[in-house]
Amino acid sequence: MKHASRPPIGKAKIPVSIADPGCLNRQINLISTAENVRMALGKICQDLIASGVSEDKRKTVEMVMAELLNNVVKHAYQETASGQILICFACKNGHFCARVSDRGLKMPGGVLPVQKTPNLEVQPVDLPENGFGWYLIHSLTHVVRYTRKRGENQVYLEIPL
Amino acid sequence: MKLDMTHAGDVGIIAVNETRIDAAVAVQFKDGVRELSINGPPRIVLDMAKVDFIDSSGLGAIVAAMKLQGGTRRLELARLSPAVGKVFRMTRMDTIFAIHDSLDVSSSS
């Protein structure tokens, strides 16, 4: 397992993601079903409880991870319930850091969906039922990045604790 | 998806006896609320006291359940947990639904 390299002496404080992107030592492997997502979220929450993270922050982490994982189940793997997902995570420097990897379809356009405030200025019959997920992810994360390499989607994120 | 309806005057209170309304159960939730509220009272209140987690699928299912009530019936929510209330505030869905702190909903609001 790669270990963190120390930032050079004298440099300004480096964001967690640049200082130590590789060392996310907690791992969960799952197959892409909604039930397995629940299981994975439960494991992450158990870890956070053991690390003394407050319930409010745990719920925030759970919400963001639920949205990301549901997106993989629904969109990357098109609800086939048979795709592998790898979650690597850790709490570092006051942040929950995680990388979610899958080998499903790439993100449309190759980029993360933008943060769009849901439009509620419509007739009740036209109220949106979708589109809240990425808004919540962007609102609750400090960093969220998407890359695609060698047929694999990777989303990296940091949530302040 | 355990949903139980009781009546209080002209209000139907649907207790959501689950801890999560999420992607795993969103469809069952929407269908369950629809079945209970068909031919039901003019006001329906979802008692969310037991729900400590919703994701965007759950939120969408609650919106869908509201839309299924049609124009003549309102869907109201009661006893949102702090985490669930936060989701409604962040998405500004708290401006769309009538949200009650308790089940004392007998007077029309």
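Modeller: Let's start with a term: a salt bridge is a side-chain nitrogen of Lys or Arg within 4 Å of a carboxyl oxygen of Asp or Glu. This is a predicted model, in which local features need pLDDT of at least 70 and side-chain atom pairs count only at pLDDT 80 or more, while totals for chains, interfaces and linings use all residues. Side-chain values use heavy atoms, with hydrogens and water left out.

Biologist: Thanks! What makes Lys67(B) and Glu129(A) a salt bridge?

Modeller: Their side chains meet at 2.9 Å, N to O. The limit is 4 Å, so the pair qualifies. The count between chain B and chain A is 5 salt bridges.

Biologist: What else is found across the interface of chain B and chain A?

Modeller: There are 9 residue pairs in polar contact, both residues at pLDDT 80 or more. A polar contact is a pair of N or O atoms within 3.5 Å; within protein, one must be able to donate a hydrogen and the other to accept it, and residues adjacent in sequence count only if both atoms are side-chain atoms.

Biologist: Is Cys97(A) buried or exposed?

Modeller: Buried means under 20% relative accessible area, exposed over 50%, and partly exposed in between (1.4 Å probe, protein chains only). Cys97(A) has 0%, so it is buried. Cys91(A) has 38%, so it is partly exposed.

Biologist: What is the largest nonpolar core?

Modeller: A nonpolar core is a set of buried Ala, Val, Leu, Ile, Met, Phe, Trp, Tyr and Cys residues joined through side-chain atoms within 4.5 Å. The largest has 67 residues, and Phe96(A) and Phe88(B) are among those with the most contacts inside it. Helix H3 (residues 55–76) of chain A gives the most to this core, 10 residues. A second, separate core of 6 residues includes Cys88(A) and Cys97(A).

Key
Residues are numbered from 1 along each chain as its sequence is written. Chains are lettered from A and ligands numbered from 1 in the order in which they are written. Helices (H or I, at least four residues) and strands (E, at least two) are DSSP runs, numbered from the N terminus.
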